[in-house]
Amino acid sequence: MNAPISSTTGATTAIEIAGLTQTYTGKTGTHTAIKDVHLSVKEGEFVSIVGPSGCGKSTILYLVAGLREPTEGQITVLGTDVDVRKGPHPDVGFVFQRDALLPWKTAVQNVALGLRYRGTPKGDATLQAREWLERVGIHGFDDSYPHQLSGGMRKRVSIAASLALKPKVLLMDEPFSALDAQTRNLMENDLLNLWEEDRQTVVFVTHDLEEAVGLSDRVVTMTRGPGTVLTDRRVPISRPRNLLELRFDDAFTQMHEELWSDLRDQVMVPGPTLGRAAGA
Ligand SMILES: Nc1ncnc2c1ncn2[C@@H]1O[C@H](COP(=O)(O)OP(=O)(O)OP(=O)(O)O)[C@@H](O)[C@H]1O
């Protein structure tokens, strides 16, 4: 297990997670999802969390977002203690695996929704929404409804809806996992280009090690449940990056191998005779 990385020299801490434990109580009793998680993310860092299925990656995001109350531990986001009673921090945005688009509203109305909720006048919100759709690569579909868009386009609209609110911290939970490989590669590259412009703090959950290496400044691996931080590695690849070419880079391949070596024992569940892949 390598030492936790907690600093980009000089940068301010955006997210501080200390001693985070979460138990869930269900019909079968109490289940510890994560245990004693410590993680520090600096402003402007792009950090991915990878780990076996069920190790508690989404749980961490929900807790950081202030959508659930932790059983133990503290989380600070942008200098404020996360408290479920106060609700999500206004500077925190989310993009989840499933689109959170309202089916009865058009793409532009969906993007404008959050802005309207925050008090932006209708005309201004619509204008900004159209600009954001343009920025995420949606052309000519502003007035289409979600069911008229492909999965990749709906994802772009969801990202536009989040980014339009100018979050300082963006929490992304497997946002591209439902997309085909080609669309996914294009979306990852576009996300990176957008992020290069604003450099929000991002915590990105994924099962895909290549995606994690390509996008991130750091990749955190987790043990299988109850999940805790196993390794925390800095990605030694400069920016700006072109993900469509990066996969042939030696540093990329080496990092991928290191992460797989970290995770192999966590995702291989011994069967009667053979090891069986159980995630990642
Ligand atoms: N609301 C809940 N109630 C009860 N158990 C839950 C709840 N949410 C998550 N869990 C359990 O906690 C554990 C961690 O779940 P979580 O979704 O955080 O893991 P994950 O690493 O994101 O999984 P995956 O990679 O499959 O998406 C799992 O065993 C899950 O079944």
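Modeller: The model is predicted. A nonpolar core is a set of buried Ala, Val, Leu, Ile, Met, Phe, Trp, Tyr and Cys residues joined through C-beta atoms within 7 Å. The largest such core here has 68 residues. Val 64, Val 111, Ala 129, Leu 133, Ala 160, Leu 171 and Val 203 have the most contacts inside this core.

Colleague: What makes Ala 160 a residue in contact with others, and which residues does Ala 160 touch?

Modeller: Contact requires C-beta atoms within 7 Å. Leaving aside residues up to four places away in sequence, Ala 160 touches Val 111, Trp 132, Leu 133 and Val 136.

Colleague: How do you know which residues of H3 are buried?

Modeller: A residue is buried if 20 or more other C-beta atoms lie within 10 Å of its own. In H3, Ala 125, Ala 129, Trp 132 and Leu 133 are buried. Seen down the axis of H3, the buried residues fall within an arc of 100°, so they line one face of the helix. Helix H2 (107–117) and helix H4 (151–163) are among the elements that cover them. Gly 123, Asp 124, Glu 131 and Glu 134, on the other side of H3, are exposed.

Colleague: How does the span of helix H3 compare with the expected one?

Modeller: Helix H3, residues 122–135, has 14 residues and reaches 20 Å from its first C-alpha to its last. That is close to the 20 Å expected at 1.5 Å a residue. Gly 137, with a positive phi near 90°, follows H3.

Colleague: Why are S1 and S2 said to pair, and over how many bridges?

Modeller: Two strands pair if DSSP finds at least two bridges between them, and therefore the 10 bridges between S1 and S2 qualify. Their pairing is antiparallel, and Ile 17 has Leu 39 in S2 as its bridge partner. The two strands form a hairpin with 2 residues between them. Strand S1 (residues 13–26) also pairs in the antiparallel sense with strand S4 (residues 72–77), over 5 bridges. There, Thr 21 has Glu 72 in S4 as its bridge partner.

Colleague: What makes S2 and S5 the edge strands?

Modeller: The open antiparallel sheet has 4 strands in the order S2-S1-S4-S5. Strand S2 (29–42) and strand S5 (80–81) each pair on one side only.

Colleague: How many residues surround the ligand, and which are the closest?

Modeller: The ligand is surrounded by 13 residues, of which Tyr 24, Ala 33, Ser 53, Ser 58 and Thr 59 are the closest. S1, S2 and helix H1 (57–65) are the elements that give two or more residues to this shell. The largest share, 3 residues, comes from H1.

Terms used:
Residues numbered from 1 in each chain as written. Predicted model: local features only at pLDDT ≥ 70, side-chain atom pairs only at ≥ 80, totals over all residues. Buried ≥ 20, exposed ≤ 12 C-beta atoms within 10 Å, placed from the backbone. Contact = placed C-beta atoms within 7 Å. Expected span 1.5 Å × (residues − 1). Arc of directions from axis to C-beta. Near = placed C-beta within 6 Å.
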